[in-house]
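Welcome, and thanks for taking a look at this one. Please have the sequence and the 3D view open side by side as you read.

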Amino acid sequence: KDTLIVWSEAENYDLALSFQEKAGCDEIWEKICQVQGKDPSVDITQDLVDESEEERFDDMSSPGLELPSCELSRLEEIAELVASSLPSPLRREKLALALENEGYIKKLLEIFHVCEDLENIEGLHHLYEIIKGIFLLNRTALFEVMFSEECIMDVIGCLEYDPSLSQSRKHREFLTKTAKFKEVIPISDPELKQKIHQTYRVQYIQDMVLPTPSVFEENMLSTLHSFIFFNKVEIVGMLQEDEKFLTDLFAQLTDEATDEEKRQELVNFLKEFCAFSQTLQPQNRDAFFKTLSNMGILPALEVILGMDDAQVRSAATDIFSYLVEYNPSMVREFVMQEAQQNDDDILLINLIIEHMICDTDPELGGAVLLMGLLRTLVDPENMLATANKTEKTEFLGFFYKHCMHVLTAPLLANTTEDKPSKDDFQTAQLLALILELLTFCVEHHTYHIKNYIINKDILRRVLVLMASKHAFLALCALRFKRKIIGLKDEFYNRYIMKSFLFEPVVKAFLNNGSRYNLMNSAIIEMFEFIRVEDIKSLTAHVIENYWKALEDVDYVQTFKGLKLRFEQQRERQDNPKLDSMRSILRNHRYRRDARTLEDEEEMWFNTDEDDMEDGEAVVPPSDKTKNDEDIMDPISKFMERKKLKESEEKEVLLKTNLSGRQSPSFKLSFSSGTKSNLTSQSSASNLPGSPGSPGSPGSPGSPGSVSKSTSQMAAITTKGGLVGLVDYPDDDEEDDEDEDKEETLPLTKKAKLESS
C-alpha cells in the first residue's frame, strides 16, 4: 500500500510497517516476497482462502472438539491441541466450550498436584503452556472457574513453572506469607471480603505472573481486564451500601484520639476508594460522591489538612482533587457555608493555599497540583447560574474577601523594596505560580480583581519582580501587566499612569540591552499593542515620560510609530474645528440616508402632473423649519481657507433642481422667477460669505429664509468644473436638461420666500 506493508493475523489483528519513502517500502517488500516465495508485483500475497475455510467446512459437519482424556501421560498432546487451536477463532471457540462442559480445568489442576508431588518438571512445563493458552482463549466463563476460591492458587502454581526460566517462581509464597490483608475498618460482609481477595490476586496474575503479552496476545486478554474492572465496580458498590462501614470510617478519621499510623491507613484507604470510583459509569459516580458528601468527606478533609503529617496531607490532597474534578460547585457551596461559622485561617480553601505556599518539594510538584485545583474553583466557566442566585457573584465575593489576601501574602511580603527581598529558585517558582493564577483572574473576573488590584496597588508590587534574576519570573510579571493592558480598560490605564507603572518595564528593557531574547520581544510587543490599538492615554503617557529613553531604538519602528500617533493626537487637539470638518466631509459628504430618499421619491411620484408642470418640487414638511446656520457657518469658513490655500477661485452654484433631490444643508424653495438671481456668476461678489451670495444673511436663499411652499426646493450643484458642497454622480448629465426646462418655465411664477 504505497508506503505501508500490512501483516494480518488471526481475527482483526494487524501489524503495519510504515516507510517515509515509497522506494524503501518497495525494497523491503521485495525481500519479504523473496523469502515467502511470492511475486512482489502482487499487492496481496496472503492466501485469500486460508486454512480456516477448510476447518469451517469440517466444523459445520462435526458437532464439537473432542479433548483427550485428562491424564498425566497425555499432557503433551493436550498442550499441542491448545496451541494449535489458538490461531483459529472457530477452533478457539470450540475448545473453550469443551473445557467448560467437561469440567476440564479442575481435572488439570488435580494433575498439577500429582506432578508437583512427583516433581515431574516436564509435566509442570506442559501444564504451564496449557493454562497460559486457556487465558488466551479470553472467555469469562473459564475465568470464573479459574479465579474461584478453590482454584485460583493452583492456577497461580501452574504459572510458576515457566519453561523459559531455569528456576520456578514463588508466587504462592508471596501471596500467602508476604502480602498482608489490612482491614482499617472491619468488613463484616464475607462476600465483599472474598471479592477484594479475588481482585487483588487476579490483578497480581495480570501484572506479575503472566508474561508480558506479545502484540497479538494483548488483545486476547481483554476479557481479563474487563473481569478486574467489573470486580472493582462491585467492590465500590458494596462498600457504598454499607452505611455502618462508612460511618465508622469518617468517625475515626476526624477523631482526635486516633493515632497517626491508624489515621494514615484510613486516609490511604479513602484515597484508594476514590481511585476505584473513577472506573464507575457517570451515573454511579454521581451516587458515589453524593454518598461521600452526605457522610461529611469535606469536613473530614478539612481536619486532615490541618494536621502535621505530610504523608497524610498529601493523600488528603489527592482525595480533594477527585472531589474538585468531579463537582467544583459542591466544594464551593461547602466553603461558603463554613465561612459563616469559622475564622479565615481554618477555611478549607485557605488550608489548600497554605499547603501550596509551604510545599517543601524543590520542584513544587504538590503546589502545581493545588494551584490547578484553585484555578478550577475560581473559573467562572464551570459556575452555575440559577433563577434565585448566581454562583459566580456569591463565590467570587467570598473568595476576594476571605481568601485572596492569603494567596497574595508571599507576593506582598517579597516586594516591599525596589527589588525582590528573596530571589532563590523555589521562591521564584512559587511567585510565578501565584502570578499565573492572578493573570487568570484578570482575564476571567471583572470588577472583583480590578478593585483588588487598584486598592491594594498589586500591579506596582508585581512589577518589582521585573528586577528578578530569574527570567521566567520577570516574564510572568510582564505577562500580568500585558493582560491588564489588553483589556483596554480606562480604570486600569489611569491607575498605571498615576503610579508611573511603565517605569519598571522601561528599566528592564534598557537593562536587557541589545540582547534579542524573549524579554526584549515581549516588551516590544506590549508597546506595539498600544500603538496598533491606538490607546491614546497610554500613548501620550509613554511618549511624554519615556521618549528620551526610547527614541534611539530604531531596529523596530514601534516607538517611532508611538511618537507619530502622539503627534497626530496633539495636532487634532490643537485644531478641533478642522478635525471636525474633516470628519464631517469624510464620513457624511452631506448624503441623506436611504429612508429619506425613498420618502421623497414616493412624494414625487404622488404629486399631480399639473403641479409638476408648474415647475414646483416637493419639500417634506419636517424639513421646512430646519435651521442650517450651524452647518453653513463652518462650511463658509472652510471654503475661504481652501480658496486662499490653493489660490484658485471657487464658485458655488445654486440651481433649481426639479428632480426632487435636495441638499440636507438647504431646505428652501424657489420658483423660476428667482433664476436670474441664483445663476452662476464669475464675479467675486457671489463667493460664499460675500453680500448677495446664497450663504450671506439677507440674500435670497440665505439660511435665514424659510419656504412657505411644501413643493419647491433648491440644491447646490457643480457646474463648469467648479467645486460645490455636494457632488452627485448624475448631476453633470442632468445640467443640460435642467437648463432647457428652465427656458420653458412660465414667467408668472414668483419666488415664494419669506425673509427672516
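What follows is a short tour, from the whole chain down to single residues.

This is a predicted model. The protein chain has 756 residues, of which 44% count as buried, and its secondary structure comes to 37 helices and six strands.

**Overall picture**

- Take the contacts in the protein chain between residues at least 6 apart in sequence: 70% of them join residues at least 24 apart.

**Helix H10**

- Helix H10 runs over residues 190-209, 20 residues in total.
- From first C-alpha to last, H10 reaches 27 Å, close to the 28 Å expected at 1.5 Å a residue.

- Helix H16 covers residues 297-305 and helix H19 covers residues 348-357.
- The axes of H16 and H19 come within 10 Å and cross at roughly 35°, and the crossing is left-handed.
- On the H16 side, Leu-298, Glu-302 and Leu-305 take part in the contact.
- On the H19 side, these residues meet Leu-348, Leu-351, Ile-352 and His-355.

- You will find Phe-472 in helix H26, which spans residues 471-486.
- Neighbours within four places in sequence aside, Phe-472 is in contact with Phe-425, Ala-428, Gln-429 and Ala-432.
- One of these, Gln-429, is 43 residues from Phe-472 in sequence, while their C-alpha atoms are 8.6 Å apart in space.

**Cysteines**

- How many disulfides does the model have? The count comes to zero, with a pair of cysteine sulfur atoms needing to be within 2.5 Å to qualify.
- Cys-151 has a relative accessible area of 3%, so Cys-151 is buried.
- Cys-274 is also buried, because its relative accessible area is 0%, under the 20% limit.

How values were computed
Residues are numbered from 1 along each chain as its sequence is written. This is a predicted model: local features need pLDDT of at least 70, side-chain atom pairs count only at pLDDT 80 or more; totals for chains, interfaces and linings use all residues. Side-chain values use heavy atoms; hydrogens and water are left out. Buried means under 20% relative accessible area, exposed over 50%, partly exposed in between (1.4 Å probe, protein chains only). Axes are lines fitted to C-alpha atoms, for helices over the stretch in contact, and angles run from 0 to 180 degrees between N-to-C directions. Helices (H or I, at least four residues) and strands (E, at least two) are DSSP runs, numbered from the N terminus. A crossing is left-handed if the near helix is turned anticlockwise from the far one by less than a right angle, and right-handed if clockwise. Contact means heavy atoms within 4.5 Å. The expected span of a helix is 1.5 Å times one less than its number of residues.
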